Amino acid sequence: MPGTAAQRTVEVLVTIQALDPKAGTATLRGAKRTVTVKVPEGVDIAKLKVGDEVRAVMIEAVVLNVERVAPGK
């Protein structure tokens, strides 16, 4: 059966809205939406503060797999 995968890389300039060092997350506001993301290991968020502008690279991916349903289901 057919299947496919796709990915898109988006690079944006965002403003930090909130930081949670304990959870290792940052809330970022861009031009169209606000998202909370996990901060990658190796990034020292102690050097960041709310209101800072940062460059974020986000990778969106989707995988689609088509399978037959067994008869009788």
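The accessible surface of the protein chain is about 6,100 Å², and carbon and sulfur atoms own 55% of it. Please keep in mind as you read that this is a predicted model.

### Overall layout

Let's start with the fold in outline. The protein chain has four strands and zero helices, so that its pattern along the sequence reads β-β-β-β. How does the radius of gyration of the protein chain sit beside that of a compact globule of 73 residues? The protein chain has 18 Å, whereas the compact globule would be near 11 Å. Along the principal axes, the C-alpha atoms occupy a box of roughly 55 × 25 × 20 Å.

Of the 73 residues in the protein chain, 16% are buried. As for charge, the protein chain carries 11 positive and 8 negative side chains, with 6 Å between the centres of the two sets.

### The nonpolar core

Which residues make up the largest nonpolar core? There are seven in all: V14, I16, A26, L28, V39, I45 and A56. At least two residues of this core come from β1 (3-20), and at least two from β2 (25-29).

I16 touches T27, L28, L48, K49, V50, G51, D52 and V54, once residues up to four places away in sequence are set aside. Is L28 buried or exposed? L28 counts as buried because its relative accessibility is 8%, and the cut-off for buried is under 20%.

### Strand β4 and the segment after it

Now for a walk along the later part of the chain. E60 has its place in strand β4. E60 counts as partly exposed because its relative accessible area is 29%, which falls between the 20% and 50% cut-offs. Setting aside residues up to four places away in sequence, E60 touches A6, Q7, R8 and R33.

V63 also belongs to strand β4. Which residues is V63 in contact with, leaving aside neighbours within four places in sequence? They are T4 and A5. Even with these contacts, V63 is exposed, because its relative accessible area of 67% is over the 50% cut-off.

V69 lies beyond the strand, in the segment after β4 (53-65). V69 is exposed as well, because its relative accessible area is 62% and exposed means over 50%.

### Sequence distance and space

| Pair | Separation in sequence | C-alpha distance |
|---|---|---|
| V63 and A5 | 58 residues | 4.3 Å |
| E60 and Q17 | 43 residues | 22 Å |
| L28 and A61 | 33 residues | 20 Å |
| V69 and D52 | 17 residues | 51 Å |

Two of these rows are worth a second look. V63 and A5 are 58 residues apart along the chain, yet their C-alpha atoms are separated by 4.3 Å, and A5 is one of the residues in contact with V63. V69 and D52 are 17 residues apart along the chain, while their C-alpha atoms are separated by 51 Å. D52 itself is among the residues that I16 touches, and V69 lies in the segment after β4.

Notes
Residues are numbered from 1 along each chain as its sequence is written. This is a predicted model: local features need pLDDT of at least 70, side-chain atom pairs count only at pLDDT 80 or more; totals for chains, interfaces and linings use all residues. Side-chain values use heavy atoms; hydrogens and water are left out. The radius of gyration is taken over C-alpha atoms; the globule rule is 2.2 Å times the number of residues to the power 0.38. Buried means under 20% relative accessible area, exposed over 50%, partly exposed in between (1.4 Å probe, protein chains only). Accessible areas come from the Shrake-Rupley method with a 1.4 Å probe; for residues, only the protein chains shown count as cover. Lys and Arg count as positive and Asp and Glu as negative; His and the chain ends are not counted. The place of a charge is taken as NZ of Lys, CZ of Arg, CG of Asp or CD of Glu. A nonpolar core is a set of buried Ala, Val, Leu, Ile, Met, Phe, Trp, Tyr and Cys residues joined through side-chain atoms within 4.5 Å. Contact means heavy atoms within 4.5 Å.
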